[in-house]
Amino acid sequence: MQHWQQDAPCITTQKDDEIDSVAKIKAAEKALKEKQKEKPSFELSGKLAAETNKVRGVTLLFNEPPEARKPDMRWRLYVFKGGEVLNEPLYIHRQSCYLFGTERRVADIPTDHPSCSKQHAVVQFRHVEKEQPDGTLSKKTRPYVMDLGSTNKTFLNENPIEPQRYYELFEKDTIKFGNSSREYVSLHENSAG
């Protein structure tokens, strides 16, 4: 019996040493993680881009993509309210993008409705590769609409579109912003009257 009692403290000490070792390893791993958190991050923060993407003191929510181009076809938006044409068409072929919103300092096309955001959406012309009916690829400059994270959404043909994603515009597509009853219908120079 006595022999058993002498061995027992050794086993306990050995287990205590193992527990201490595991605790030390865990403490070292935790310290390493903390140290890694403190390292400076040289990732892009977007702050420099925000500073260089200002127009009339307003930081734009949008940067034009590398494939941005002025269209070679004359596109227009006809504005309707209650089925009636409001004004002359908006000629949207003179630059590569048009910003819609209530912030008049930066909006190319103001949307003066309380449900519209300051920078609501953009129509962007992009030079992209398209597959032709015969299977060949060719580059064309086409219009796209993108919601800029607006509160009350942008609608393409009555369907809400996801923010920060391009949707190609086709002839006779209808765009609506927020809860405004104005509808913008896209047509181009070759559209049938």
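Visitor: Which residue in β13 does Phe 155 stand opposite?

Guide: This is a predicted model, in which local features need pLDDT of at least 70, side-chain atom pairs count only at pLDDT 80 or more, and totals for chains, interfaces and linings use all residues. Residues are numbered from 1 along each chain as its sequence is written, and side-chain values use heavy atoms, with hydrogens and water left out. Strands are DSSP runs of E with at least two residues, numbered from the N terminus, and two of them pair if DSSP finds at least two bridges between them. Strand β10 (residues 154-156) runs antiparallel to β13, with three bridges, and the residue opposite Phe 155 is Lys 176.

Visitor: Is Lys 176 in β13 buried or exposed?

Guide: Buried means under 20% relative accessible area and exposed over 50%, with partly exposed in between (1.4 Å probe, protein chains only). In strand β13 (residues 174-177), Thr 174 and Lys 176 point one way, and Ile 175 and Phe 177 the other way.

Visitor: Which residue in β14 stands opposite Thr 174?

Guide: Two bridges join β13 to strand β14 (residues 182-188), and the two run antiparallel. They form a hairpin with four residues between them, and Gly 178 in the turn has a positive phi of about 60°. Opposite Thr 174 stands Val 185.

Visitor: In β12, which residue is the bridge partner of Tyr 144?

Guide: Strand β9 (residues 137-147) is joined to β12 by two bridges, and they run antiparallel. The bridge partner of Tyr 144 is Glu 168.
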